[in-house]
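Subject: Structure handover

Hi there,

Here is the structure I promised to pass on.

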Amino acid sequence: RGPGTRGAEGLLREGGLGDGVHAAAEPEAPEVFDKPYTGMQGESGGVVGMLEVIEADFARLEAETKSSEAAAQKEYDQFMEDSKIDKESKTKGVEHKTAKKQDQTQALTVKKQDLEGTQKELDAALAYYDKLKPSCVDAGVSYEDRVA
């Protein structure tokens, strides 16, 4: 209990707040009641009871809040740790994929150069074949004439 609560309880239990404050007169019973209205003071414990309820509610709320905050902090810390690990993993993945891309780009360049060279060789071979073809194909000359 806080010092303000203890002080207020003490004043109320001792019987009042001083000369300037007078106890309220008993309220008159409405006409519908058979006996005088005494209020609900006995059931609720009056102002002191209300202060005790407020204090208990505040203590419960404070405990729940601290518990909630601790759980939220723990969840946040776990999330940050998981995020850090995930980020490191993805960064390494990007580095690996970038290196692989460079290797494959270099291999593609080499293969294109090889293809160009091979295509030039093929073109030269086809040109030579076209040059030799007339002498190898039957031009209407018989075998005997060619041998002779």
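To start with a question: by about how many helical turns are Asp86 and Lys90 separated in helix α3? Being four residues apart in that helix, Asp86 and Lys90 are separated by about one turn. In general, an α-helix has 3.6 residues a turn, so residues three or four places apart point the same way.

Two notes on conventions. This is a predicted model, in which local features need pLDDT of at least 70 and side-chain atom pairs count only at pLDDT 80 or more, while totals for chains, interfaces and linings use all residues. Residues are numbered from 1 along each chain as its sequence is written, and side-chain values use heavy atoms, leaving out hydrogens and water.

**Overall picture**

The protein chain has four helices and zero strands (DSSP runs numbered from the N terminus: H or I of at least four residues for helices, E of at least two for strands). Of its 148 residues, 3% are buried, where buried means under 20% relative accessible area, exposed over 50%, and partly exposed in between (1.4 Å probe, protein chains only). The chain exposes about 13,600 Å², and carbon and sulfur atoms supply 58% of that area (Shrake-Rupley method, 1.4 Å probe; for residues, only the protein chains shown count as cover).

**Helix α3**

Helix α3 covers residues 46-136; at 1.5 Å a residue its 91 residues should span 135 Å, which agrees with the 127 Å between its end C-alpha atoms. That expected span is 1.5 Å times one less than the number of residues. A kink of about 25 degrees lies at Asp130, shortly before Pro134 (the angle between axes fitted to the seven residues ending there and the seven starting there). The buried residues of α3 are Gly46, Val48, Gly49 and Glu55, whereas Ile54 is partly exposed at 48% relative accessibility.

**Salt bridges**

There are three salt bridges, each a side-chain nitrogen of Lys or Arg within 4 Å of a carboxyl oxygen of Asp or Glu.

- Asp86 and Lys90 meet at 3.4 Å, N to O; Asp86 is partly exposed at 37%, and Lys90 is exposed at 52%.
- Glu64 pairs with Arg60 at 3.3 Å between the closest N and O atoms; both lie in α3, four residues apart.
- Glu62 and Lys66 meet at 3.8 Å, N to O; these two also lie in α3, four residues apart.

Happy to talk any of this through.

Best wishes
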